[in-house]
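Good morning, and thank you for joining this group meeting.

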Amino acid sequence: MLPETAPVRACGLVYPARALTEPLCFLNVKGKRKNMPIEISEKTIKHEFIEKVSQLSGQDIFKCFQCGTCGGACPMSGQMETLPRRIMRMAQLGMEENVSGSETSFTCASCHTCSANCPRGIDLARVMEAVRLLTLRKNVNKINPSKVPAETVRELPQIALVSCFRKLTS
Ligand code: SF4
Ligand code: SF4
């Protein structure tokens with residue numbers, strides 16, 4: 001159990017400290033599920049990040065109530081290091097480094113299954129896209145096109161290569 005801290009404000013809402021800290025003690029780090037105590041305070045919440053994710057996605061990320069339906073429906077969740085609902089929670093808390101540092105938005109296949117099933121009507125696929133774009137804008141490249149094997153380039157349809165480069169390079 002993390003120590004009690006003062007209530008935290010984010011986007012005009014006041015969160016009791018315990019409600020903030022407890023669900024976030026179990027983040028996946030580099031494919032390993034492990035307990036990870038996280039400090040959440042006014043200092044750690046990046047309000048600008050919350051606004052950018054909301055603006056780019058067009059979604060009210062605070063509508064998410066952590067039901068987990070998205071992860072249960074997601075065909076890629078088995079490959080994700082952090083479940084979609086945790087990305088939502090971290091986005092709500094302005095945890096920019098944790099969200100951007102996660103591979104989850106790059107593993108997302110943009111299939112919209114989560115969006116179709118979310119009981120709160122959140123288009124999570126758009127949130128994933130927003131997170132991905134914000135990460136790429138930091139000049140992050142997930143693949144180096146010049147290092148893709150020639151055999152792969154020959155075998156894959158061009159449209160697949162182009163969409164892969166668009167998704168994974170800045
Ligand atoms: S299904 Fe919707 S409300 Fe439930 S955790 Fe996912 S985004 Fe949040
Ligand atoms: S859009 Fe992404 S997060 Fe949502 S169900 Fe599909 S793969 Fe999973």
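I shall describe the chain as a whole, then the surroundings of the ligand, and finally one residue.

Please note that this is a predicted model. The chain contains four strands and 10 helices. Read from the N terminus, the order of these elements is β-β-α-β-β-α-α-α-α-α-α-α-α-α. The chain has 170 residues, and 29% of them count as buried. If we take the contacts between residues at least 6 apart in sequence, 65% of them join residues at least 24 apart.

Let us turn to ligand 1. Its shell is made up of 15 residues, and the closest are C64, C67, C70, R85 and C118. Two elements, α3 (69-73) and α4 (84-92), each give two or more residues to this shell. Which element gives the most to the shell around ligand 1? That element is α4, with three residues. By residue class, the shell around ligand 1 holds 10 nonpolar residues, three polar ones and two charged ones.

The last topic is K63. This residue lies in the loop that runs between α2 (47-57) and α3. Apart from its neighbours within four places in sequence, K63 is in contact with R120 and I122. M88 stands 25 residues from K63 along the chain, and the C-alpha atoms of these two residues are 9.8 Å apart.

Terms used: Residues numbered from 1 in each chain as written. Chains lettered and ligands numbered in written order. Predicted model: local features only at pLDDT ≥ 70, side-chain atom pairs only at ≥ 80, totals over all residues. Near = placed C-beta within 6 Å. Nonpolar A, V, L, I, M, F, W, Y, C, P; charged D, E, K, R; others polar. Buried ≥ 20, exposed ≤ 12 C-beta atoms within 10 Å, placed from the backbone. Contact = placed C-beta atoms within 7 Å.
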